[in-house]
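Student: Hi, could we look through this model together? I'd like to ask a few quick things as we go.

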Amino acid sequence: VTFGYEDLQADKQAYQEKDIIHVSFQLTNEGAMEADEVVQLYVSHQGGSVEWPTKELKAFQRVALKAGETKNMTITIPVEQLRHWNEFQHTWNIENGKAVIYVGGSSVELPLQTSVNI
């Protein structure tokens with residue numbers, strides 16, 4: 001069974017620390033039988049002073065779809081989940097800048113992406 005991912009959109013282009021990022025897209029079961037997909041959302045931080053992993057898994061959701069069915073999906077990420085521990089100040093900090101959001105069925109198959117500013 002294959003799944004099609006289309007039309008990824010974030011609800012805003014810029015977010016503050018107390019905001020919640022709402023990411024929406026369409027998911028289609030392109031197979032001939034009912035199946036489940038585990039949708040995964042990854043974030044990649046661009047630039048900045050902190051060393052980040054290439055992609056961090058930040059959210060996932062299991063979805064059951066009938067053959068040929070399309071669902072409008074929304075996944076949320078509180079911006080505070082994008083913080084890092086500052087070992088010098090002993091506090092959680094937000095690294096301002098660009099973040100790329102990826103959506104797909106696995107860490108190696110992420111057909112959708114969009115960028116937001118934090």
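Student: Which residues form a nonpolar patch on the surface?

Tutor: Val 38, Leu 57 and Phe 60 do, and together they have about 290 Å² of accessible area. Patches are made of residues with over 30% relative accessible area and no salt bridge, where like charges are joined within 9 Å and nonpolar side chains (Val, Leu, Ile, Met, Phe, Trp, Tyr) within 5 Å. Accessible areas come from the Shrake-Rupley method with a 1.4 Å probe, and for residues only the protein chains shown count as cover.

Student: What kind of model is it, by the way?

Tutor: A predicted one: local features need pLDDT of at least 70, side-chain atom pairs count only at pLDDT 80 or more, and totals for chains, interfaces and linings use all residues. Residues are numbered from 1 along each chain as its sequence is written, and side-chain values use heavy atoms, with hydrogens and water left out.

Student: Back to Val 38, where is it found?

Tutor: In strand S3, residues 35–46. Strands here are DSSP runs (E, at least two residues), numbered from the N terminus. Val 38 is partly exposed, at 34% relative accessible area; buried means under 20%, exposed over 50%, and partly exposed in between (1.4 Å probe, protein chains only).

Student: New topic: how many salt bridges does the structure hold?

Tutor: Three, each with a side-chain nitrogen of Lys or Arg within 4 Å of a carboxyl oxygen of Asp or Glu. One of them joins Asp 36 and Arg 62 at 2.9 Å, N to O. That pair links distant parts of the chain, with Asp 36 in strand S3 and Arg 62 in strand S4 (residues 56–65), 26 residues apart. Arg 62 is exposed at 61%, while Asp 36 is partly exposed at 37%.

Student: And which partner does Lys 12 meet?

Tutor: Asp 19, at 3.1 Å, N to O. Lys 12 is partly exposed, with a relative accessible area of 36%.

Student: What about Glu 56, buried or exposed?

Tutor: Buried, at 18% relative accessible area. The side chain of Glu 56 meets that of Lys 58 in a salt bridge of 3.8 Å, N to O.

Student: Last one: what order do the strands take in the open sheet?

Tutor: S1-S2-S5, three strands with antiparallel pairing; two strands pair if DSSP finds at least two bridges between them. Strands S1 (3–10) and S5 (70–78) are the edges, each pairing on one side only.

Student: How many bridges join S2 to S5?

Tutor: Nine, with S2 covering residues 20–29. Leu 27 stands opposite Lys 71 in S5.

Definitions and conventions
Helices (H or I, at least four residues) and strands (E, at least two) are DSSP runs, numbered from the N terminus.
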